[in-house]
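Here's a quick briefing to read alongside the model. Have the sequence and the 3D view open as you go.

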Amino acid sequence: MTILKISGGHPLYGDVTVGGAKNSTVALIPAAILADSPVELDMVPDILDVHNLMLILQSMNVTSDFSDGVLNIDPTNILEGGLPGKAIKSLRASYYFMGALLGKFHRATISFPGGDNIGPRPIDQHVRAFKALGAEVSESDDSVDINATEHGLHGASIFFDMVSVGATINTILAAVKADGVTTISNAAKEPEIIDIASFLNSMGAKIRGAGTDVIRIQGVNHLQAKATHTIIPDRIEAGTYLTLAAAIGKGINVKNVIPEHLQAYTAKLIEAGVQLEIGEDSIYVPKTGKLNGIEVKTAPFPGFATDLQQPITPMLFKADDDSVIHDTIYPERQNHIAQLQKMGANIRVNPTDNSIIISKSDNLHGTTVQAGEIRAGASLVIAGLMAQGQTTIENADNILRGYDNITNKLTNLHANVQMIDQDD
């Protein structure tokens with residue numbers, strides 16, 4: 001188990017550069033196996049999820065090499081075979097291999113994916129889309145078998161009952177080489193979906209409408225990488241550092257951001273009283289004074305991202321009046337609450353509507369807490385930096401799954417942090 005030790009209560013300052021988007025990267029790596037040539041990705045974050053996905057690639061005889069933010073993937077000698085259950089179980093995004101393998105071989109067998117414990121995230125919409133494209137789907141024990149080898153994949157009109165990023169991406173991956181035209185209605189509009197479509201289109205795919213609620217895909221027979229694909233900046237990492245800057249900073253410049261991807265988030269920071277200086281590709285956060293309580297309601301993009309409801313929470317402990325968070329996407333995303341309470345935070349759940357009530361908390365103190373999942377861990381990091389004394393975050397591996405070089409980035413902001421592998 002990895003632990004993160006934080007000596008808090010000291011104002012932070014300086015520059016921090018955001019890495020490539022985790023939520024793009026974990027889909028781009030499975031998407032790469034659709035190529036009939038080697039693929040090069042740039043701005044790849046150095047996170048545990050990337051290394052786990054590389055293990056899955058290795059099990060399929062797909063070679064990969066990762067250095068200095070550049071990931072080279074060669075799928076030209078790919079072989080079908082069982083995928084490593086441990087790696088599959090460690091991250092939710094491994095389910096993108098369902099769509100990618102279905103598009104590549106017209107069949108896939110994969111264990112049900114794991115990932116963060118943030119409440120139910122069923123794959124029923126993925127399954128319905130695969131069936132519409134001509135696949136037969138069966139579930140047994142702990143795995144799902146998808147097969148379209150008899151008649152192949154064909155274009156279809158698909159309507160999602162609810163907006164789903166995962167189902168939208170998986171359908172694109174399966175349909176990109178299917179015969180005919182596939183239309184996805186009520187598609188998710190997240191920037192990461194545009195990134196996936198741009199990558200595939202650069203190799204010869206014909207995907208139109210990514211970023212809108214209707215995506216049309218004309219199937220092609222061949223995908224050939226012709227240039228390096230640079231991954232978009234991580235809007236969730238950017239939002240996390242913006243909150244950190246507002247909570248405990250005395251002047252922090254967050255660099256390599258696309259401000260348009262963060263509009264719903266920065267609007268709430270401004271509403272709370274944070275004075276942001278928004279540039280073309282950076283956002284400067286001066287020392288924050290008086291803060292107001294706000295009400296947050298998560299929603300699919302371009303709304304307030306569910307992945308940012310936990311990171312914004314510690315900043316709201318500084319507000320003079322109460323704040324309320326309604327997570328409409330993952331209402332059970334509350335792993336951070338009990339841990340923050342251990343640090344002296346005044347935070348609770350309203351049992352009537354499952355909303356989170358955050359009250360002013362002036363006396364956060366360091367203690368030992370558990371990072372139950374990625375974004376809960378991020379909220380504990382920020383709270384630990386705000387708190388007096390030492391905070392020890394156990395299960396910090398979960399933080400490393402989603403935050404690129406976090407120890408170095410925090411140290412460069414003059415934080416006193418140390419990541420320790422307890423096996424050492």
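T352 is exposed, with a relative accessible area of 74% (exposed is over 50%, buried under 20%, partly exposed in between, with a 1.4 Å probe and protein chains only). Bear in mind that this is a predicted model, where local features need pLDDT of at least 70, side-chain atom pairs count only at pLDDT 80 or more, and totals for chains, interfaces and linings use all residues. Residues are numbered from 1 along each chain as its sequence is written, and side-chain values use heavy atoms, leaving out hydrogens and water.

**Around T352**
- T352 sits in the loop between β19 (347-350) and β20 (355-358) (strands are DSSP runs of E, at least two residues, and helices runs of H or I, at least four, numbered from the N terminus).
- T352 and T407 are 55 residues apart along the chain, and their C-alpha atoms are separated by 39 Å.

**Helices α6 and α7**
- The axes of α6 (residues 165-175) and α7 (residues 191-202) come within 10 Å and cross at roughly 10 degrees (axes are lines fitted to C-alpha atoms over the stretch in contact, and angles run from 0 to 180 degrees between N-to-C directions).
- That makes α6 roughly parallel to α7 (angles under 35 degrees count as roughly parallel, over 145 as roughly antiparallel, 65 to 115 as roughly perpendicular and the rest as oblique).
- On the α6 side, the contact is made by V165, T168, I169, I172 and L173, and on the α7 side by I193, I196 and L200 (contact means heavy atoms within 4.5 Å).
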